[in-house]
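This report concerns aromatic ring pairs and the surroundings of a ligand. Please consult the sequence and the structure shown here.

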Amino acid sequence: MTLMQTYAPAPVVFVRGEGSALFDADGRRYLDFVSGLAVTSLGHAHPEVALAIGEQAARLCHVSNLYSNALAPGVATTIDRLIGGGDDPAGGQVFFCNSGAEANECALKLARRWAGGGRHVVVSTLGSFHGRTLATLAATGQPAKHAPFEPLPEGFVHVPFDDLDAMDAVLDPARVAAVLVEPIQGEGGIVVPSSDYLSGLRRLCTERGVLLMCDEVQTGLGRTGRWFAFQSQPVLPDVVTMAKALGNGMPVGACWASAEVAAAFGPGDHATTFGGQPLAMAAARTTLAVMAREDVPVRARRAGARLRAGLGALPGVVGVRGEGLLLAAQLRAPVAADASNAALALGLLVNAVRPDSLRLAPSLLVDDAVIDEALALLGRALATVLGDAPRAAREAAT
Ligand code: PLP
């Protein structure tokens, strides 16, 4: 094996996808409720996105950022409108890159450049996930992930999530440049904060002259039932990062900032060879156009309500966390890894986001029949691992 062993051995090799389904080399069909971890929000091989990528590949894949291209400004304008809620521009600017970690790297550098004068600390939250580069790992609030790579870059402080008093205590305006927070913690287990948390953060950051930066890499672009999860509150962050769903599988990341903050960057301050290149922008332009036409936030809310209700009724599920189509089923025992393996064997992809929680993040275009089919498969998987064999057998027979 010549691939570095950074991922656990793969149980299945997929060769084709279509909508909510993946197929292995033998033609076996699996329902994908992982979506590349919230990436393929329009499902696999979406025909319009595939066509846009193919046509652009035949015309012009790449030009250096020494020159401009015809697509990036339009995609940036669309993102700015979505940050504003869908219709009105938010009045910001966008830097394009290739991943979530890179979008957050851009945000971290921008915060330092904007604050200046020795104010460089970024406060993030325990349980958060912001990426695997050294700086985004330092921002990630999971000490166990830090240990093998220390010393990490200096200037990162973590406080408990959903705790405004703890944030208040560390927001020293002489040292702190920014707060970086996921509106809903994804890798931390789909943790939804109290309804006043983001507005409380906005108030504190404004009072102290500190940037509020929302990491919407997992939550962004319709998944939680809004274009961005921060829109559950009447707040506008200073910086918003996104990636995953932006190219529906084409690697595209973006860091949006208010015009005042974005102005801190000048030519030469930040760059990336592939950022905003025509091929990625063609994928993003069409992905965003289809998302708008299909009104994916509304679809995520409707389908999410059905999935949530169905999950709550499954054996061994004692609670459901999340919003829209970013959900976690809390199990009555720490059997999530076994349950995800059992589901895979039955033809359903879900992922163990915690030892006792399964994450479900299907395509935002998923239909009711596929949701019901997935729920039936998951019910059988849970009955198997939780020892309800008679029920599993009964369901297998149906
Ligand atoms: N931020 C959040 C909230 C994420 O969920 C992730 C990935 O899971 C990242 C950042 C890192 O994104 P990437 O893996 O594209 O670098």
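Y30 is buried, with 5% relative accessibility, whereas F14 is partly exposed at 31%; buried means under 20% relative accessible area, exposed over 50%, and partly exposed in between (1.4 Å probe, protein chains only). The model is predicted: local features need pLDDT of at least 70, side-chain atom pairs count only at pLDDT 80 or more, and totals for chains, interfaces and linings use all residues. Residues are numbered from 1 along each chain as its sequence is written, and side-chain values use heavy atoms, with hydrogens and water left out.

Rings of Phe, Tyr and Trp (its six-membered ring) pair if their centres lie within 6.5 Å; planes under 30 degrees apart count as stacked, over 60 as edge-to-face and the rest as tilted. There are three aromatic pairs by this rule, including the two edge-to-face pairs below.

| Pair | Centre distance | Plane angle |
|---|---|---|
| F14 and Y30 | 5.2 Å | 85 degrees |
| F161 and Y197 | 5.3 Å | 75 degrees |

F14 in strand β1 and Y30 in strand β3 are 16 residues apart. F161 is buried at 13% relative accessible area, as is Y197 at 1%.

A backbone N or O atom of G100 lies 2.8 Å from a ligand oxygen atom, and a polar side-chain atom of K244 lies 3.1 Å from an oxygen atom of the ligand. For F129, a backbone N or O atom is 3.3 Å from a ligand nitrogen atom.

Conventions:
A polar contact is a pair of N or O atoms within 3.5 Å; within protein, one must be able to donate a hydrogen and the other to accept it, and residues adjacent in sequence count only if both atoms are side-chain atoms. Helices (H or I, at least four residues) and strands (E, at least two) are DSSP runs, numbered from the N terminus.
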